[in-house]
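Hello,

Here is the structure you asked for, with notes on what was found in it. Please open it first and keep it beside you as you read.

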Amino acid sequence: MKMNVNKYIMCLSLAFAALAFTSCNDFLDKYPDSRMDLKTPSESSQLLVSAYPQGHPAYLLEMYSDNTDEQLHSTWSAFDRFQEQAYQWKDIDEVSNPETPHQLWEAHYAAISTCNETLDHIDKVKDKEAYDAQKGEALLCRAFAMFQLSTVFCQAYDKTTAQNNLGLPYPKQPERVVGRLMERGTLAELYKNIENDLVEGMKLVGTKYAKPKFHFTKQAAYAFATRFYLYAQQYDKAVEYANKVLGDHPEDILRNWAEWNRLGPSGNVQPYDFIKASKNANIMLLPAPSQWGVISIPILAGSKYAHGELISKNETLQAAGPWGNSGTDLNYTVTYNNGVSKYALRKIPYMAKVIDTQAEIGIPYGEFAVFTTDITLLERAEAYALLGQYDKAVADINSELAAFSKRHVVLTLNQIKDFYNTLAYYTPSQPTPKKELHPLFTIEQTTQEPLLQCILQLRRLVTIHEGFRLQDVKRYGITIYRRKVDVQSNVTAITDTMKAGDPRLAIQLPQDVITAGITPNPRNK
């Protein structure tokens with residue numbers, strides 16, 4: 001059903017206010033309300049449809065990252081209190097928006113509850129081998145939900161600090177005791193639990209799905225393993241699993257960016273094509289309630305906090321790279337509106353689940369390509385760079401540029417080094433794509449750093465609007481700023497700074513979770 005966008009946007013907050021207080025599952029204080037009496041592997045598969053989180057953090061993480069500035073104009077305003085709190089790095093107490101910490105927490109733990117119900121049933125049956133595929137999917141879904149939560153509510157993993165940083169509750173049994181308090185444990189323990197589920201799930205997961213792109217296939221499991229092991233600093237394993245995804249000729253399965261770009265940025269045409277299940281580049285897709293498909297595009301709603309002209313022209317979509325001018329030499333068309341400072345690519349669809357036809361009220365949905373061949377390729381490139389295998393990293397960069405660049409640019413290692421070694425580091429008033437890196441691990445300055453700068457810049461473009469940038473900020477200790485930017489794209493004030501290790505990089509847990517007794521994330525006084 002086609003809905004009036006302005007009316008649709010005005011109705012979103014009302015619809016989600018109702019949704020926030022009718023959540024079907026809160027693992028902290030109630031049982032899952034909706035259980036099937038499982039008797040067959042097929043019924044377990046049906047239940048596992050709800051093991052994929054009905055939530056995605058892209059909107060929250062993009063607001064939190066350096067992809068967003070505060071835009072100053074008399075008619076530009078925040079979409080709602082959630083957007084403002086997220087941009088200002090506050091402890092978010094808003095609950096009605098689908099991408100608030102409250103809703104994301106509930107959505108992911110609801111998915112985990114489904115996994116645990118399925119695994120509990122499988123544990124009790126006699127013919128356990130008949131359920132191997134279902135067990136594999138449940139384990140992968142549980143690991144994925146916990147991993148996604150870790151990217152929101154935890155600091156970046158580092159071998160030297162993981163034993164001291166907080167993890168998250170990792171329930172492995174169905175909730176049978178109302179209000180049972182679970183300890184968070186350490187980030188090291190959280191990652192070990194994720195790895196255990198991931199490794200076992202990969203061995204068991206099946207291949208027979210009616211709609212495989214919406215489930216964990218072997219390929220999706222390997223893509224997940226690539227990202228997990230990259231973040232876990234086990235780079236050889238990241239390469240191993242990326243190889244299983246990409247094969248000998250990754251260029252054959254990358255996104256056809258030129259074809260996508262030719263569709264033109266009108267309505268949902270490009271977004272629908274971007275998340276098509278038939279595209280080889282899309283490994284796993286996740287539909288979820290989301291306002292981001294509307295807020296991210298160049299319309300007035302939510303325009304005060306946005307990916308604006310200053311960022312686009314100096315750091316991202318229109319900035320220079322070793323491949324040339326990003327805005328003219330890469331396979332995308334930047335959309336913008338002279339009336340608002342929002343610069344965007346059309347990747348996230350906006351859809352509605354209609355709940356009142358006459359009033360034209362609906363719950364907004366998006367769809368996210370959570371694993372793609374392009375992202376897996378750049379994750380492998382990063383792993384190669386961190387292993388010191390520079391020629392292989394450059395080869396992966398060039399494979400991506402063969403699809404992403406209009407001129408099919410082929411870079412050499414020396415060209416990459418020359419570009420970044422002569423480029424000034426970013427400052428808030430003189431921004432560039434090159435930001436100082438302060439990870440807890442050592443980076444070799446002459447070759448490794450410029451190569452990593454190239455990968456980070458390219459991934460920032462490939463994944464723009466998808467929530468990945470904040471993970472790179474956290475993992476590489478990149479300082480980000482809150483800037484006030486006027487309509488001439490001049491920085492008028494720096495209002496806040498977040499450096500490496502800032503406690504706020506771990507977004508605060510929902511207030512009701514803290515009230516229930518789970519340890520909150522620390523904050524500086």
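The lining of the second largest cavity takes at least two residues from each of helix H3 (58-64), helix H12 (292-295), strand S3 and strand S7 (340-344). S7 contributes the most, with three residues. Before going on, note that this is a predicted model.

The space in the second largest cavity is about 120 Å³. It is lined by 16 residues, and those closest to its centre are Met63, Trp292, Ser296, Ala306 and His307. By class, this lining has seven nonpolar, seven polar and two charged residues.

How many cavities of 30 Å³ or more does a search of the whole structure find? There are seven. The largest cavity holds about 140 Å³ of space. Its lining is made of 14 residues, with His56, Gln148, Thr151, Arg227 and Phe468 nearest the centre. Helix H6 (132-153) and helix H8 (218-231) each supply at least two residues of this lining, and H6 gives the most, with four. Seven of the lining residues of the largest cavity are nonpolar, five are polar and two are charged.

Now the strands. Strand S10 (residues 480-485) runs antiparallel to S11, and six bridges join the two.

Is strand S2 (residues 282-289) largely enclosed or open? Seven of its eight residues are buried, so S2 is largely enclosed by the rest of the structure. S2 is joined by seven bridges to strand S9 (residues 361-372), and the two run antiparallel. Leu285 has Ala369 of S9 opposite.

Last, the cysteines. How many disulfides are there, if the two sulfur atoms must lie within 2.5 Å? The count is zero. Take Cys154: the closest cysteine sulfur to its own is that of Cys115, 18 Å away, so the two are too far apart for a bond. Cys154 is also buried, because its relative accessible area is 1% and the cut-off for buried is under 20%. Cys454 counts as buried too, because its relative accessibility is 0%.

Regards

Conventions: Residues are numbered from 1 along each chain as its sequence is written. This is a predicted model: local features need pLDDT of at least 70, side-chain atom pairs count only at pLDDT 80 or more; totals for chains, interfaces and linings use all residues. Side-chain values use heavy atoms; hydrogens and water are left out. Buried means under 20% relative accessible area, exposed over 50%, partly exposed in between (1.4 Å probe, protein chains only). Two strands pair if DSSP finds at least two bridges between them. A disulfide is a pair of cysteine sulfur atoms within 2.5 Å. On a 1 Å grid over the protein atoms alone, a cavity is a set of points where a 1.4 Å probe fits but cannot get out, and a pocket is an open set with protein on both sides within 12 Å along at least five of seven lines; lining residues have an atom within 4 Å of a point. Grid points are joined across faces, edges and corners, and a volume is the space filled by probe spheres set on the points. Ala, Val, Leu, Ile, Met, Phe, Trp, Tyr, Cys and Pro count as nonpolar, Asp, Glu, Lys and Arg as charged, and the others, Gly among them, as polar.
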